[in-house]
Amino acid sequence: MENALEKLFELTGQIAKEGVSLVPRVVPADAPFVQYQHYPKGDCVAPGNKSRWFYHAHKPEEREEGEHGHFHMFLPLDMFKGVDALYEPPKKLPNGKPTQGVVHFGALSFGLDGMPLSWFTTNYWVTYEYFMPADAIASRLKLFSMKKAPGDPLVNDWLTAAVAVFHDPIIEMLEDRDKLLAEKKAELGDAVFENKSVEIMSRKAFDL
């Protein structure tokens, strides 16, 4: 934790020195920013353990106050062998593309000023993932690493360090997600996973 915090401060200092926040390092400055489009195209996937992230933004009226967009982060399904998912996606997504074997553990929003705002969890229908219980994710979260992933190494190193620093709050956030899920499931059954009125399930401020 201490080493991760030192690393996060070091990388944040480098960002400040260069005057370029994470978002412009991900979203090309020479092309229009398209809502909902994944940046980078095809997502950023680590060659080692297949940790993954992508950045995107919703329509302005669907964003957190002051938000520009957010990073969605995932662990690979291969890390969860023997664990029963709470809900599984179909083999193909609604757009016809093959479903990715991923487990979403959280997203991190960034403000219009380029600063991180908050961590949050989402319902299944947002990411079409293998929806794993909080305790299963908790025992694997330390494995998230974007080491040697393509793109700007500062972005990959910063996200890796940020997840390590916020390890415990992320797990607490996932536990809050599962508590809300249990409440909603008692009311809606498995239909809760596809219910568009249940989107953001828990949130934690990015507060160092």
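**View 1. The second largest pocket and its 14 lining residues.** T12, G114, M115, P116 and W158 lie nearest the pocket's centre. A pocket here is an open set of points on a 1 Å grid over the protein atoms alone, where a 1.4 Å probe fits, with protein on both sides within 12 Å along at least five of seven lines; lining residues have an atom within 4 Å of a point. The space in this pocket is about 240 Å³, taken as that filled by probe spheres set on the points, which are joined across faces, edges and corners. Helix α1 (residues 2-18) gives the most to the lining, four residues. Helices (H or I, at least four residues) and strands (E, at least two) are DSSP runs, numbered from the N terminus.

The model is predicted: local features need pLDDT of at least 70, side-chain atom pairs count only at pLDDT 80 or more, and totals for chains, interfaces and linings use all residues. Residues are numbered from 1 along each chain as its sequence is written, and side-chain values use heavy atoms, without hydrogens and water.

**View 2. The largest pocket, with a volume of about 750 Å³.** It is lined by 23 residues; H38, D43, F54, L93 and N95 are the closest to its centre. β1 (39-45), β2 (52-56) and α3 (124-127) each supply at least two lining residues.

**View 3. An open sheet of six strands.** The order is β1-β2-β3-β4-β5-β6, with antiparallel pairing (at least two DSSP bridges between two strands). The edge strands, β1 and β6 (200-205), each pair on one side only. β2 and β3 (residues 67-76) share five bridges. W53 stands opposite M73 in β3.
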